[in-house]
Amino acid sequence: MDYSLLAGGKRLRPILVLAAAQAVSGSDEGEARALPFACAVEMIHTYSLIHDDLPAMDNDDYRRGRLTNHKVFGDAMAILAGDGLLTHAFHVVTQAAKLGVPSERVLAVAEELANYSGISGMVGGQVDDMLGEQGVTSLRQLENIHLHKTSDLIAFSLRAGGHASSADDTQLAAFGLFGRNVGLAFQIQDDILDLTGTEAKLGKPVKSDERQEKVTYPFLMGLDESRKRVVELTMEANETLLQAGLAKPDKLIAIADYLLNRDH
């Protein structure tokens, strides 16, 4: 579990949890209360990567610049490491109550984590991705896969941070929409970088989508249109935040802009 959890990576989801908490409260105090939620979502994300890399799924040899979990510990232990991270994430969520997050908010986060990461969210998106390999023919199908496979956990991260700072319904809805758009932009940018990036920066082989004949945004839209769509989604995401009555949305907007221009 430690091998994959501590391997590095962007830590995008936990950063979004903390930034959303600060956006509502306007202070670092919200971030401190949100820390268990930030840790939990990184555990969920890492478990999904361990399982994604397995021979039965994407069969990848490298992740975050090092050998994948199953290449070091074997398939069985990699499966169990993922299972352990998934289960422990829900234990970690409950610890937020000890930091002053109201129990009804902790319960809401636990429920949303199950929904956004489970069969209605990330896992459902992964299922659609597996079933749709070589069969995805439209942008609508591809977008639906990535809205669940990628965007849902990002939307959860923002809403969890909002719950930690007692966000109102309008702010929670804005976080959900911001997460949807940023998550989709993130995935399109991933597709672009798989074609244009370098293995040294990405920490994994490039052009893997092309070799596996996966249908991607550049495949369906072309590189220029894909880049244009990333800009549109980012602008829409930022505008949503600016209308949500948040105390300090600056950090979230800066993160969205950074992701727009990332090269790894």
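Modeller: Let me begin with the terms for helix packing: axes are lines fitted to C-alpha atoms, for helices over the stretch in contact, and angles run from 0 to 180 degrees between N-to-C directions. Helices (H or I, at least four residues) are DSSP runs, numbered from the N terminus. This is a predicted model, in which local features need pLDDT of at least 70 and side-chain atom pairs count only at pLDDT 80 or more, while totals for chains, interfaces and linings use all residues. Residues are numbered from 1 along each chain as its sequence is written, and side-chain values use heavy atoms, with hydrogens and water left out.

Biologist: What makes H7 and H8 roughly antiparallel?

Modeller: The axes of helix H7 (residues 122-132) and H8 cross at roughly 150° and come within 7 Å. Angles under 35 degrees count as roughly parallel, over 145 as roughly antiparallel, 65 to 115 as roughly perpendicular and the rest as oblique. H7 and H8 are therefore roughly antiparallel to each other.

Biologist: Which residues of H7 and H8 make the contact?

Modeller: Contact means heavy atoms within 4.5 Å. H7 contributes Met122, Gly125, Gln126, Asp128 and Asp129, and H8 contributes Asn144, Ile145, His148, Lys149, Asp152 and Leu153. By class, three of the residues in the contact of H7 with H8 are nonpolar, four polar and four charged. Here Ala, Val, Leu, Ile, Met, Phe, Trp, Tyr, Cys and Pro count as nonpolar, Asp, Glu, Lys and Arg as charged, and the others, Gly among them, as polar.

Biologist: Why is glycine 125 called buried?

Modeller: Buried means under 20% relative accessible area, exposed over 50%, and partly exposed in between (1.4 Å probe, protein chains only). Glycine 125 has a relative accessible area of 0%, and is therefore buried. This residue lies in helix H7 and, leaving aside neighbours within four places in sequence, is in contact with Ile145, His148 and Lys149.

Biologist: Why does threonine 150 count as buried?

Modeller: Its relative accessibility is 8%, so threonine 150 counts as buried. Threonine 150 lies in helix H8. Leaving aside neighbours within four places in sequence, threonine 150 is in contact with Arg13, Gly183, Phe186 and Gln187.

Biologist: How do you know that histidine 163 is buried?

Modeller: Histidine 163 has a relative accessible area of 6% and is therefore buried. Histidine 163 is found in helix H8 (residues 139-164). Not counting residues up to four places away in sequence, histidine 163 touches Val101, Arg105, Ala108, Val109, Glu112 and Leu172.

Biologist: What makes H9 and H14 roughly parallel?

Modeller: Helix H9 (residues 169-196) and helix H14 (residues 250-260) pack at an angle of about 20°, with their axes 10 Å apart. At that angle, H9 and H14 are therefore roughly parallel to each other. The contact joins Phe175, Phe178, Val182, Phe186 and Gln189 of H9 to Leu252, Ala256, Leu259 and Leu260 of H14. These residues divide into eight nonpolar, one polar and no charged.

Biologist: What is meant by a nonpolar core, and which residues touch the most other members of the largest one?

Modeller: A nonpolar core is a set of buried Ala, Val, Leu, Ile, Met, Phe, Trp, Tyr and Cys residues joined through side-chain atoms within 4.5 Å. The largest nonpolar core has 29 residues, of which Phe37, Ile44 and Val93 touch the most other members. Helix H3 (28-52) is one of the helices that each supply at least two residues of this core, and H3 gives the most, with nine residues.
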